[in-house]
Each structure stands twice: as C-alpha cells, then as structure tokens.
Amino acid sequence: MLTINNLQKVYNGTTVVNVPALNIAAGESVGLVGNNGAGKTTLFRMILDLIRPSKGEVLSMDANVMQSDDWKVYTGSYLDEGFLIDYLTTEEYFKFIGDLHGLTDGDITERLLPFMDLFNDEILNQRKYIRDYSKGNQKKIGVAAAALSNPELLILDEPFANLDPSSQIRLKNLLKNLRENNGMTMLISSHDLSHVIDVCERIIILEKGQVVQDMRTTENTLRELETYFTV
Ligand SMILES: Nc1ncnc2c1ncn2[C@@H]1O[C@H](COP(=O)(O)OP(=O)(O)OP(=O)(O)O)[C@@H](O)[C@H]1O
C-alpha cells in the first residue's frame, strides 16, 4: 500500500525525518510512536503530499504521491483542525466531504451510525459552526470525516489527544471495528501507548526522525514500550 524510499526532510540544516525504507502492506494497522519532535507529523505530511521531502519519495500503491492524485480517492486523513472547514456546520462539512466521494445523504447517515456513541449527542444538530466546538469535539468531527468515504487507507495524527477517557475508549473500539470489518489500512500516531497497541498490530518507534524499532504487537509490547520510554 505504502512504500517509503530514502525519505528525508531537513529544516534549517537539521534532519527531522530520515527513513531509508519502510513498507506498509494493505490491511496492516501501524502505530507510530515517539517523543515530541520525533518527526511523526512531518512524516505524515510528506505521505499526504502536504510538504515536499528534501530527498526521497513516498509511493502509494506504486504511484509517487507528489506526481499522481490517484491516492486521494482511497485515502482518508485527519492531522489537525486545518483539515476542517470551520465556518461550516458539522452537517454541511460532512455533506461537503460526502459530495467529494459521491455519497448520498442516506450514505452519509449510514456511515456515521458507528460514530454515534463517540459523538455522544454533542456533534450533530448543534446549530453551530465547527469553529465553536471544543478541541475534542472538533477531533471527533475530523476523524469521522476522514473515515466517511470508507477509505482503504486511513491516516490519523494523535486521534486520542484531547478526548475524554470514555471517548478514547469508544474511538479505540471504533477503529478496531473499521480495521476488522472493512480491512482498512491504518497509520496512526499516538502518545497513548496502550490505546495504539490495542488498535495496531505493528508499532514503529520514531526517534529524531529515524525508525529505531519496528515490531509486531504482542502481549509484551506495552511493557517493552514503557521500558523504552522510561528514561
Ligand atoms: N516548518 C518547520 N520549520 C522548522 N522546523 C520544523 C517545521 N516543522 C517541523 N519542524 C521540526 O521538525 C521536528 C519534528 O516535528 P514533528 O511535528 O514532525 O514531530 P512530532 O513527532 O509530530 O512531535 P509531537 O509529538 O510533539 O507532535 C521538530 O523538531 C520540529 O520543530
């Protein structure tokens, strides 16, 4: 699904991402963990062609994301509030995203059904603009919009951040269901080690822009990660 070749990003002479080779297979769910400034968001931005690499390439289904738009059809993503259109209501925003993917109003309603627990009666029919929602509720809107098209590839940057504990658990279960029922390929960054391990079958640790560990999730992974991050 995704192939990264010799990917580097340099800012002001400092290399913040340096990934010689990385493959993510279709159907795989990959968690990206690493301390602040490790390069997770920068890596995601290059995968989504939001910033250009200093060197190297990202191939999505064998096409270079910088040269082809094909990946946009099957890729859903939410990195931050910049992905929202904050002067729309939530319904208008979902309709906008739905229209891009040829979804009817009925499709949109049906696709949002699994999100109802997560929405907790605070997202739909609120008669307010997205800019007036709390940070956590904006995140719920963004994640739902990313998943609305039922994408083959879902990329989420810190989806659990800003969510209350109940919402984190609901989102975790929702992502697991999307993975298991729809076979979605997932790339999720998180500082929440236990949630990301629950959702992802593979964990990559990024440190100073480099992949320092790439492991299959087992019953020992949480302990291993906690040991790694205990300094
Ligand atoms: N536009 C930019 N100009 C200069 N430096 C940048 C820029 N964007 C990111 N960086 C630097 O690149 C490094 C990686 O940042 P990035 O946001 O990718 O890390 P992260 O792993 O997502 O961190 P966090 O967990 O804190 O969100 C940081 O040192 C950051 O300051």
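Biologist: In this predicted model, how many residues does helix α7 have, and what distance does it reach from its first C-alpha to its last?

Modeller: Helix α7 covers residues 165-182 of the predicted model. At 1.5 Å a residue, a span of 26 Å would be expected, and the helix comes close to that figure. Its count is 18 residues, and from the first C-alpha to the last it reaches 25 Å.

Biologist: Which elements do the buried residues of α7 pack against?

Modeller: The buried residues of this helix include Ser167, Arg170, Leu171, Leu175 and Leu178. An α-helix has 3.6 residues a turn, so residues three or four places apart point the same way. The elements that the buried residues of α7 pack against are α5 (116-119), α6 (135-147), β8 (185-189) and α8 (193-199).

Biologist: Which residue just after α7 takes a positive phi?

Modeller: The helix itself takes in residues 165-182, and the residue in question is placed just after it, with a phi of about 65°. That residue is Gly183.

Biologist: Is Ser149 buried or exposed?

Modeller: Ser149 lies in the loop between α6 and β7 (153-157), and, leaving aside residues up to four places away in sequence, it touches Gly76 and His101. A residue counts as buried if 20 or more other C-beta atoms lie within 10 Å of its own. Because Ser149 has 20 other C-beta atoms within 10 Å, it is buried.

Biologist: What distance separates the C-alpha atoms of Ser149 and Ile108?

Modeller: Along the chain, Ser149 and Ile108 are 41 residues apart. In the predicted model, the separation of their C-alpha atoms is 8.7 Å.

Biologist: Which residue in β4 is the bridge partner of Gln8?

Modeller: Strand β1 (residues 2-11) pairs with strand β2 (residues 14-24) in the antiparallel sense over nine bridges, and in that pairing Leu7 stands opposite Val19. Strand β1 is also joined to strand β4 (residues 55-60), again running antiparallel, by five bridges. In β4, the bridge partner of Gln8 is Lys55.

Biologist: Which helix gives the most to the shell around the ligand?

Modeller: The residues surrounding the ligand include Tyr11, Val16, Gly34, Asn36, Lys40, Thr41 and Thr42. By class, the shell has three nonpolar, six polar and one charged residues. The helix that gives the most, with three residues, spans residues 40-47 and is α1.

Definitions and conventions
Residues numbered from 1 in each chain as written. Predicted model: local features only at pLDDT ≥ 70, side-chain atom pairs only at ≥ 80, totals over all residues. Pairing = 2+ DSSP bridges. Helix = DSSP H or I, 4+ residues; strand = E, 2+ residues; numbered from the N terminus. Expected span 1.5 Å × (residues − 1). Buried ≥ 20, exposed ≤ 12 C-beta atoms within 10 Å, placed from the backbone. Contact = placed C-beta atoms within 7 Å. Near = placed C-beta within 6 Å. Nonpolar A, V, L, I, M, F, W, Y, C, P; charged D, E, K, R; others polar.
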